[in-house]
Amino acid sequence: MMTKTMPLGDGSLAPVVTGLAPSSSVVTSGSPSRHRFQSSAPTVFVGMSGGVDSSVAAMLLVEQGYDVTGVYMKNWSQDLPGMKCPWADDLADAKRVAVKLGIPFEVWDFEKEYREKVVEYMLAEFKKGNTPNPDIMCNQEIKFKLFFEKAMERGADFIATGHYARTGVTDDFCRGGSGAWQGEDERQNPCGDRGFGRAPEQKLSDRTPVLVRAVDENKDQTYFLYRISDEALARTLFPIGDMLKPEVKKLAEEKGLHNAYKKESMGVCFVGEVGMKDFLKEYIDTKPGEIRRVEDDKVLGVHEGAVFYTIGQRHGLYLDGEKGTVNDGLPYYVVKKDIAKNIVYVSKNLNDGNLWVDELELKELLFRSGPRPAGPSPRAAGANSRAAALRNAPSQNKSSSIQVRLRHRAPLIPAEFDGKKLKFASKIKRPASGQSAVIYAGEICLGGGFIA
Amino acid sequence: MIYLDHAAATPVSSKVFEAMKPYFSDEFFNPSSPYLPAKKVAAEYEAAKGVIAHAIGAKGSDIVITAGATEANNLAFTVLNTELIFCSGPRRSRPSPRGERANSAMGALRNAPSQNINSVLYLVTEHDSVRNVAKQYGGQEIKVLANGLVDMADLKSKITDETMLISVSLANNEIGVIQPLAEIGALVREVRMDRLKRDIKTPIYLHSDASQALNLLDINVARLGVDFLTLNAAKVYGPKGVGALYVSHEVKLQPLTTGGGQERGLRSGTENVPGVIGFATAVEEAKKHLSSNRKKYSEYRKILLDELQGYELINKKHTLDNFVVLCYNGIDAERLIFLLEEQGVYVATGAACAASKGEKSHVLKAIGLSDTQIAGSLRITFGETNTPEQIHEAARIINAAVQLERERIGNDD
């Protein structure tokens with residue numbers, strides 16, 4: 001691997017890792033090089049959650065010679081019945097690491113904005129009968145918007161997070177040429193000198209940032225990041241994006257970071273172990289309603305409010321029909337919801353048409369700038385703005401080289417996209433409306449949309 | 001390890017531990033059981049309560065064993081429920097919306113606020129276990145002076161004919177300031193006499209949380225003039241989860257838990273025999289070494305204050321001997337804690353409790369410290385784990401950590 005420094009718009013230097021092979025379009029850079037800056041080191045504000053990933057991210061940045069400031073984003077601090085919000089402990093964990101690294105540490109309070117942009121959105125979606133993903137919204141609106149903007153105002157060259165993801169850059173010269181590189185090892189990435197030959201004269205902000213899947217396929221978090229802006233991505237470092245989780249943990253242990261042993265937080269941070277249903281109960285007024293069998297409309301029981309149920313769900317149904325006819329031991333699944341009438345439809349038929357589909361309609365599509373698989377001509381795709389990117393979405397192209405991820409950590413499924421609908425070769429279990437379908441071409445995250 | 005946070009927790013002393021051991025295994029009987037070995041345990045339990053009570057000039061039957069000081073503080077406040085429910089007059093509570101719960105402590109507590117806005121006065125610097133329950137009863141704060149002492153003029157001006165309970169801790173848990181409780185006790189007696197003369201039936205009681213003081217002050221409930229006094233085993237080298245409330249025998253309380261009627265019906269549940277035996281042993285030890293400990297801690301305090309550099313002393317006077325509260329202006333004391341932790345030195349910020357909730361210390365705020373002063377404050381509390389050598393070493397390590405932080409932020413003065 002070879003290291004170059006690349007001038008930023010403001011004249012400071014950013015390290016860029018380049019491959020060695022002669023031609024391609026994308027260079028990934030999960031972590032910047034292990035280059036030590038001599039003087040006037042670039043400034044990075046790193047989001048520190050108190051977890052092991054962001055702690056190691058901060059540590060790596062310090063080792064690489066950046067001028068690092070740790071920031072705890074205080075997005076939520078409210079306790080729920082039966083659950084104490086762990087924010088103060090998380091903050092202390094983050095701060096302890098910052099002190100150990102000898103870096104400044106700040107708390108940025110985004111509680112008001114988080115409530116408005118993430119929680120309100122989430123509640124509104126649930127009320128509509130959808131199953132939104134607040135983490136995607138948090139990245140779009142808070143971490144890669146407010147945090148990013150504030151860091152830039154404070155004179156940062158970069159922001160960084162402990163996400164498992166990588167960034168790459170393309171430029172007009174090689175974009176779209178041979179399509180996205182899809183190899184397993186980014187060090188063998190054929191993109192390199194040809195693409196970066198002109199890099200020194202080019203401002204980073206002129207280059208199109210590309211969101212690239214993490215090396216650790218099991219931890220890849222690009223699913224949560226597909227909606228973040230180019231502006232933010234161009235100035236984002238993902239220091240652990242080319243590491244495996246066990247490596248991260250091992251490094252934390254070796255360096256004596258106490259949170260190496262911290263239990264990993266699961267699910268939505270502010271809901272925690274209480275679960276989404278209990279959270280929603282606190283914030284949404286609901287009425288009990290009927291559970292009906294989809295085949296014959298027969299009322300089988302009562303539910304606590306249709307918004308609490310997700311298509312495909314089989315747990316937590318209170319069915320009280322006649323013994324032997326309703327409760328024969330086989331589970332019922334939620335197959336349909338009528339939010340207006342507050343009715344939940346269930347079926348025992350795992351092959352119910354509502355559960356299995358071979359196409360999904362997407363809304364609020366967001367295609368990232370940069371390369372796309374065998375898309376329109378390379379030159380046409382040259383625009384950098386999101387509007388242009390949307391115009392240039394592979395609309396007519398029945399691309400066969402895209403894959404879709406329908407849940408975080410779910411396998412990638414080959415699909416075709418006609419600009420509105422995803423089409424699958426065989427039927428898939430339908431994800432809940434409001435969840436995201438994220439589209440990839442090999443390593444590269446092209447964008448995605450919400451499932452209608 | 002140099003442990004300098006004895007106000008947060010003390011280790012169980014070996015003597016206490018040894019005394020407790022038989023009651024976990026051999027002497028495990030339920031004191032309420034009818035056979036002889038159980039009766040023996042019951043007698044030993046009562047004797048242990050006598051020892052605890054005796055240490056504060058009371059009888060064993062005057063104290064209620066609780067699971068710590070927080071419960072004891074909450075129990076003291078139930079005097080308001082008994083008064084509100086059983087007394088006549090303008091304070092009688094309105095029929096409650098949760099009528100079916102009005103006779104339970106929680107029910108009464110929930111209904112307590114608003115109509116009794118004038119019945120509770122509490123010192124602004126009280127621990128949360130007093131503050132939060134006092135707030136539920138609509139309690140009013142009593143101010144403190146800049147030195148942390150109660151503002152007697154403010155207290156006097158706030159006592160009305162409605163006032164039923166005054167709560168002032170004997171020694172503050174964050175800054176160690178010792179309150180002139182006997183003076184407050186005398187004032188309460190005056191108010192009582194005055195009400196008697198004017199035929200006002202409303203009673204007035206004085207409660208004090210003495211959790212921090214049992215091994216550092218000579219406590220006598222009659223001399224202090226308190227009706228309730230909270231004690232805590234965990235701060236005096238006894239086990240955690242054991243406390244006691246002294247209740248003057250004229251006062252009626254309402255139990256927080258009901259059941260088998262143990263502890264005069266005020267605290268049902270099988271007695272924590274090992275805990276109370278341990279508590280009694282700890283109290284005996286504390287009393288035995290009271291004056292020598294005070295002398296020892298004063299010396300530690302002097303060593304530390306002589307050898308530390310660039311600080312401002314917060315608790316200059318009227319303080320427990322083992323408390324040193326410092327302020328390093330411009331420094332973030334939380335960072336110091338983490339730096340010191342790496343060196344095996346354990347101290348607290350203004351209040352460990354406040355810090356863990358991400359709040360600023362209400363005590364340091366009440367004595368008029370600025371936000372930067374609060375952020376830069378450390379609480380160091382000596383105890384039986386310390387030696388003079390440790391104090392010298394701690395001073396060296398703290399100085400180095402402060403220096404490191406000052407260099408980091410480019411402020412070397």
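Visitor: In chain B, what is the order of the open sheet of 4 strands?
Guide: This is a predicted model. In chain B an open sheet is built from 4 strands with antiparallel pairing. Strand 9 (312-313) and strand 12 (348-349) of chain B are its edge strands, each pairing on one side only. The order is 9-10-13-12.

Visitor: Which residue of strand 13 of chain B is the bridge partner of B:Ala348?
Guide: Strand 12 of chain B runs antiparallel to strand 13 (residues 377-381) of chain B, and 2 bridges join them. In strand 13 of chain B, the partner of B:Ala348 is B:Arg379.

Visitor: Chain A has an open sheet of 4 strands too; which are its edge strands?
Guide: The strand order in chain A is 12-11-14-13, and the pairing is mixed. Two strands of chain A pair on one side only, and these are the edges: strand 12 (299-303) and strand 13 (333-338).

Visitor: What is the average twist from one strand to the next in that sheet?
Guide: The sheet in question is the open one of chain A with the order 12-11-14-13. From one strand to the next, its twist averages 30°.

Visitor: Which residue of strand 12 of chain A is the bridge partner of A:Gly289?
Guide: Strand 11 of chain A covers residues 289-293 and pairs with strand 12 of chain A in the antiparallel sense, over 4 bridges. In strand 12 of chain A, the bridge partner of A:Gly289 is A:His303.

Visitor: Which element gives the largest share of the side of chain B that touches chain A?
Guide: The contact takes 7 residues from chain A and 8 residues from chain B. By class, the chain B side has 4 charged, 2 polar and 2 nonpolar residues. The largest share of that side, 4 residues, comes from helix 12 (residues 333-342) of chain B.

Visitor: Is helix 2 of chain A roughly parallel or roughly perpendicular to helix 12 of chain B?
Guide: The axes of helix 2 (residues 87-101) of chain A and helix 12 of chain B come within 9 Å and cross at roughly 70°. Angles of 65 to 115 degrees count as roughly perpendicular. Therefore helix 2 of chain A is, relative to helix 12 of chain B, roughly perpendicular.

Visitor: How many charged residues are in the contact of helix 2 of chain A with helix 12 of chain B?
Guide: Helix 2 of chain A contributes A:Lys95, A:Arg96, A:Val99 and A:Lys100, while helix 12 of chain B contributes B:Glu334, B:Arg335, B:Phe338 and B:Leu339. By class, this contact has 3 nonpolar residues and no polar ones, and the charged residues number 5.

Visitor: Why is helix 12 of chain B oblique to helix 16 of chain B?
Guide: Helix 16 of chain B spans residues 388-408, and its axis comes within 10 Å of the axis of helix 12 of chain B. The crossing is right-handed. Helix 12 of chain B is oblique to helix 16 of chain B because the axes cross at roughly 125°.

Visitor: How many nonpolar residues are in the contact of helix 12 of chain B with helix 16 of chain B?
Guide: Helix 12 of chain B takes part with residues including B:Leu336 and B:Leu340, and helix 16 of chain B with residues including B:Ile397 and B:Val402. The contact has 2 charged residues and no polar ones; the nonpolar residues number 8.

Visitor: Over which residues of chain B is the pLDDT below 50?
Guide: Chain B averages a pLDDT of 90, and 89% of the residues score at least 70. Where pLDDT is low, the predicted coordinates should not be read in detail. In chain B, the pLDDT is below 50 over residues 86-115.

Notes: Residues numbered from 1 in each chain as written. Chains lettered and ligands numbered in written order. Predicted model: local features only at pLDDT ≥ 70, side-chain atom pairs only at ≥ 80, totals over all residues. Pairing = 2+ DSSP bridges. Axes fitted to C-alpha atoms, helices over the stretch in contact; angles between N-to-C directions. Contact = placed C-beta atoms within 7 Å. Nonpolar A, V, L, I, M, F, W, Y, C, P; charged D, E, K, R; others polar. Parallel < 35°, antiparallel > 145°, perpendicular 65-115°, else oblique. Left-handed = near helix turned anticlockwise from the far one by under 90°. pLDDT = per-residue confidence, 0-100.
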